[in-house]
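This report goes through a single protein chain, from its individual contacts to its overall make-up. The sequence and the model come first.

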Amino acid sequence: MNKTTDTQTAGQRDPAPKGRRVGRPAGSRREETIARIRHSAMHIFTAKGYAATSFKDIAKDIHVTPATLYQYFDSKLALYVSLFDEIFDDLRPRYERVFSQRGHLRDQLCNLMTETLDSYASHPEYSPFLAGATIDIVRDSELREMFSHRNGTLNDRLVSVFESAKQRGELPLELDSEDIASAFLGALMGIIWRQRGRQVGSAEKAINIFVMLIENRLFHKV
């Protein structure tokens, strides 16, 4: 594949000054360029889905050529997976802090929701991306194959927490921990996805209502 690395802006070629690496935005460092690529990719993947998104879409959004992206990511799949790793690196210490605390699983899950809200406030793009990814992974065989072999995910951690709670008598033994994780994560992602699509209401308030449901504070006795 012949990959040109000339940067194009507004349809005109901008000759690269001597000593500047062609294809990289002027004045940017490697880390800044990767951050721009990831920021754009996360929004485009969320809006269009994995299958419909191309390097061309992302390159156009940040005003570089597709060949520039190949300098940092070998493939669209590698870029997509790197976004999961970025989110996981942010959420993992938050979740581990919650799960390391003593107390009933119910309290841990409520604290987990609070941490998720804090993460959502800091990075509002994370949750819509994850919500869309649950659909992409089901639809796309390439993604399904990749994630079927990945260990140490947030889902794996939740499953282990639910297994421990079952042994402590805090959950019914007959329930499958994968099903519990699906119910919990599905509800959480559904809240974010629905609020994003409708552009009304508040994801934070909706999550707080979910917490009230977990704590058995939602329904009035009549």
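In which helix is the place of Ser-177? Ser-177 is in helix α9, residues 177-198; helices here are DSSP runs of H or I with at least four residues, strands are runs of E with at least two, and both are numbered from the N terminus.

The model is predicted, so local features need pLDDT of at least 70 and side-chain atom pairs count only at pLDDT 80 or more, while totals for chains, interfaces and linings use all residues. Residues are numbered from 1 along each chain as its sequence is written, and side-chain values use heavy atoms, with hydrogens and water left out.

**Overall make-up**

The chain has 10 helices and 2 strands. In sequence order the pattern is β-β-α-α-α-α-α-α-α-α-α-α. Of the 222 residues, 40% are buried; buried means under 20% relative accessible area, exposed over 50%, and partly exposed in between, with a 1.4 Å probe and protein chains only. Among contacts (heavy atoms within 4.5 Å) with a separation of 6 or more, residues 24 or more positions apart account for 61%.

**Ser-177 and Lys-166**

Ser-177 has a relative accessible area of 3% and is therefore buried. Leaving aside neighbours within four places in sequence, Ser-177 is in contact with Val-159, Phe-162, Glu-163 and Lys-166. Lys-166 belongs to helix α8. With a relative accessible area of 8%, Lys-166 is buried. Not counting residues up to four places away in sequence, Lys-166 touches Leu-171, Pro-172, Leu-173, Leu-175, Asp-176 and Ser-177.

**The nonpolar core**

A nonpolar core is a set of buried Ala, Val, Leu, Ile, Met, Phe, Trp, Tyr and Cys residues joined through side-chain atoms within 4.5 Å. In soluble globular proteins, nonpolar side chains tend to be buried together. The largest nonpolar core has 59 residues, of which Tyr-80, Phe-129 and Phe-162 touch the most other members. Helix α4, residues 76-99, gives the most to this core, with 12 residues. Apart from neighbours within four places in sequence, Tyr-80 is in contact with Phe-45, Tyr-50, Phe-129, Ala-133, Asp-136, Leu-143 and Phe-147.

**Helix α4**

Helix α4 has 24 residues and reaches 34 Å from its first C-alpha to its last, close to the 34 Å expected at 1.5 Å a residue; the expected span is 1.5 Å times one less than the number of residues. At Leu-91, α4 bends by about 30°, and a proline, Pro-93, follows within four residues. The bend at a residue is the angle between axes fitted to the seven residues ending there and the seven starting there.

**Salt bridges**

The structure holds 10 salt bridges, each a side-chain nitrogen of Lys or Arg within 4 Å of a carboxyl oxygen of Asp or Glu. Side chains of opposite charge can pair when their charged atoms come close. The table lists some of these pairs.

| Pair | Closest N to O |
|---|---|
| Arg-29 and Glu-32 | 3.3 Å |
| Glu-96 and Arg-157 | 2.6 Å |

Arg-29 is exposed at 52% relative accessibility, and Glu-32 is partly exposed at 33%.

Why does the pair of Glu-96 and Arg-157 tie together parts that are 61 residues apart in sequence? Glu-96 lies in helix α4, whereas Arg-157 lies in helix α8, residues 154-167. Glu-96 is partly exposed at 32% relative accessibility, and Arg-157 is partly exposed with a relative accessible area of 28%.

Arg-97 lies in helix α4 and Glu-115 in helix α5 (residues 105-122), so this pair ties together parts that are 18 residues apart in sequence. Arg-97 counts as partly exposed at 43% relative accessibility, whereas Glu-115 is buried with a relative accessible area of 15%. Salt bridges that share partners join Asp-90, Arg-94, Arg-97 and Glu-115 into one network.

**Glu-142**

Glu-142 is found in helix α7, residues 141-148. At 41% relative accessibility, Glu-142 is partly exposed. Leaving aside neighbours within four places in sequence, Glu-142 is in contact with Tyr-50 and Leu-77. The side chains of Glu-142 and Tyr-50 make a polar contact at 2.7 Å; a polar contact is a pair of N or O atoms within 3.5 Å, where within protein one must be able to donate a hydrogen and the other to accept it, and residues adjacent in sequence count only if both atoms are side-chain atoms. Glu-142 and Ala-51 are 91 residues apart in sequence, with 9.7 Å from C-alpha to C-alpha.
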